[in-house]
Amino acid sequence: MRTLIAGVDGYLGWALALRLLSKGHEVIGVDNFYTRKAVKEVGSDSALPIGSFHQRVRGLPKDKFSKIAFYNVDVTDYKRLKKVISKYKPDSIVDFAEQRSAPYSMRSRSTAAYTLSNNIVGTLNFIYAIKEINKKIHFLKMGTMGEYGTPNFDIPESTFVEATINGKSDRIITPKNAGSWYHWSKVYDTDNLIFANKVWGLTMTDIMQGPVYGTRTNDITSEALFTRFDFDETWGTVLNRYCVEAVLGVPLTPYGSGGQTRAFLSLEDSVTALSLLLENPPPDGGYRTVNQFTETYSVMELAKLVRDKASSLGLNVEIKSVDNPRVEAEKHYYNPERKVLPALGLKGPTKNLKDEVEIMIKDLLPYKSRLEKHKDVIAPKTNWRA
Ligand SMILES: NC(=O)c1ccc[n+]([C@@H]2O[C@H](COP(=O)([O-])OP(=O)(O)OC[C@H]3O[C@@H](n4cnc5c(N)ncnc54)[C@H](O)[C@@H]3O)[C@@H](O)[C@H]2O)c1
């Protein structure tokens, strides 16, 4: 299988590239290094050291990973993007190449505008390139469980649902209710994908993924193979951020009362899920919505779990809730459906979350002095109401 990964230099992109290469698949990577620059801009850095992309590729053990081609291309540049896709004619394209921080998108008009244009135009460019080059390319678009919000009904894993209004029924796109400009950009992407599938019969997998945690996959076995790991308020996701807080010995900081429940999965399970979806595409012209997660937890449950695990490792940390900077329900119903991935073989989490947290803390401890330099950028500053 030949796969183009857009956003290959990122947290998920690099980890997926390693998985596909280790399975003997061919990978073409595209990235414009936006995340590296944007994380530096907020005064932070990846917790785990990563070399330049070329250093990373040079560090790949030749006996385990096949070769990877790479292009420094901005996916909003249609001409250059189309040239790469035309040259390689991949079987599948995975699109991770988006601005992926909710707080960043909420900071100002210009960060909102950048998020919406980068994400929506990038996805539209893939749609057009696939339509013009080969309609059979399987397009895997990485969206988010945050597209649904937290409705007071079970979240179906389907593209459409039946709705009845004033006694008359029809099929409507599964309701979405996002919580930031970033999350809305993913909803707009989804609508554009559904439309492109309808008019041109493109083959799509639209993934609604929950927050990912973890420092490792089974392929990441040495420092040279690390993927990036962000922990600041803008770029870090909740469990990754807690683990850094535990290593630094500062309080774990759930936002508000901490009852916000989300659907999580480990980095290992994320790349396993993606490989399964790539190796088992929908039929030509098919459209598949996938809820990609393994377990649900509230952010307070996760804080307690990290505190207890840290304490068993001799690190004493407390939990100190901070004012919630976001506009979101802190107590709500949450029950997303999950059937596509279990049917393909990913039944539940591969590793117990407590064990994964232990691995993360142990992986981060050697880099404590590196983390100390960025201690000030962990507390939330971006206020949704401002
Ligand atoms: N990490 C998570 O917990 C999580 C959860 C749900 C969804 N997602 C989604 O998965 C995708 C990957 O997330 P990640 O955590 O690996 O993020 P990341 O920021 O580490 O990776 C994204 C990569 O895309 C690149 N990129 C951004 N805009 C680009 C452009 N215009 N042209 C070329 N490259 C561009 C960045 O430089 C970066 O290397 C994102 O779309 C994100 O929204 C992530």
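Visitor: Is L4 buried or exposed, and what is its relative accessible area?

Guide: This is a predicted model, in which local features need pLDDT of at least 70 and side-chain atom pairs count only at pLDDT 80 or more, whereas totals for chains, interfaces and linings use all residues. Residues are numbered from 1 along each chain as its sequence is written, and side-chain values use heavy atoms, with hydrogens and water left out. A residue counts as buried under 20% relative accessible area, as exposed over 50%, and as partly exposed in between, with a 1.4 Å probe and protein chains only. L4 is therefore buried, because its relative accessible area is 0%.

Visitor: How far from L4 in space is V94, C-alpha to C-alpha?

Guide: L4 sits in strand β1 (residues 2–6), where helices (H or I, at least four residues) and strands (E, at least two) are DSSP runs numbered from the N terminus. Leaving aside residues up to four places away in sequence, L4 touches I28, V30, V84, I85, P90, S92, I93, V94 and F126, contact meaning heavy atoms within 4.5 Å. Although L4 and V94 are 90 residues apart in sequence, their C-alpha atoms are separated by 6.2 Å.

Visitor: What share of the contacts in the protein chain between residues at least 6 apart in sequence joins residues at least 24 apart?

Guide: The protein chain has 13 helices and twelve strands, and 57% of its 386 residues count as buried. Of the contacts between residues at least 6 apart in sequence, the share that joins residues at least 24 apart is 82%.

Visitor: Why does the radius of gyration of the protein chain agree with a compact globule?

Guide: The C-alpha trace spans about 60 × 55 × 40 Å along its principal axes. The radius of gyration is taken over C-alpha atoms, and the globule rule is 2.2 Å times the number of residues to the power 0.38. With 386 residues, a compact globule would have a radius near 21 Å, and the two agree because the protein chain has 20 Å.

Visitor: How much of the area that the ligand exposes when taken alone does the protein bury?

Guide: A backbone N or O atom of Y34 lies 2.9 Å from an oxygen atom of the ligand, and a polar side-chain atom of D74 lies 2.9 Å from a nitrogen atom of the ligand. An N or O atom in the side chain of Y182 is 2.6 Å from an oxygen atom of the ligand. Taken alone the ligand exposes 820 Å² (Shrake-Rupley method, 1.4 Å probe), and the part of this that the protein buries is 97%.

Visitor: With which side chain does the side chain of H183 make a polar contact?

Guide: H183 is found in helix α7 and is buried, with a relative accessible area of 15%. Not counting residues up to four places away in sequence, H183 touches A102, T144, G146, E147 and A178. A polar contact is a pair of N or O atoms within 3.5 Å; within protein, one must be able to donate a hydrogen and the other to accept it, and residues adjacent in sequence count only if both atoms are side-chain atoms. At 2.7 Å, the partner of the H183 side chain is the side chain of S180.

Visitor: Is N166 buried or exposed?

Guide: N166 lies in the loop between β6 (160–165) and β7 (168–173), and its phi is positive, about 50 degrees, although N166 is not a glycine. Because its relative accessible area is 78%, N166 is exposed.
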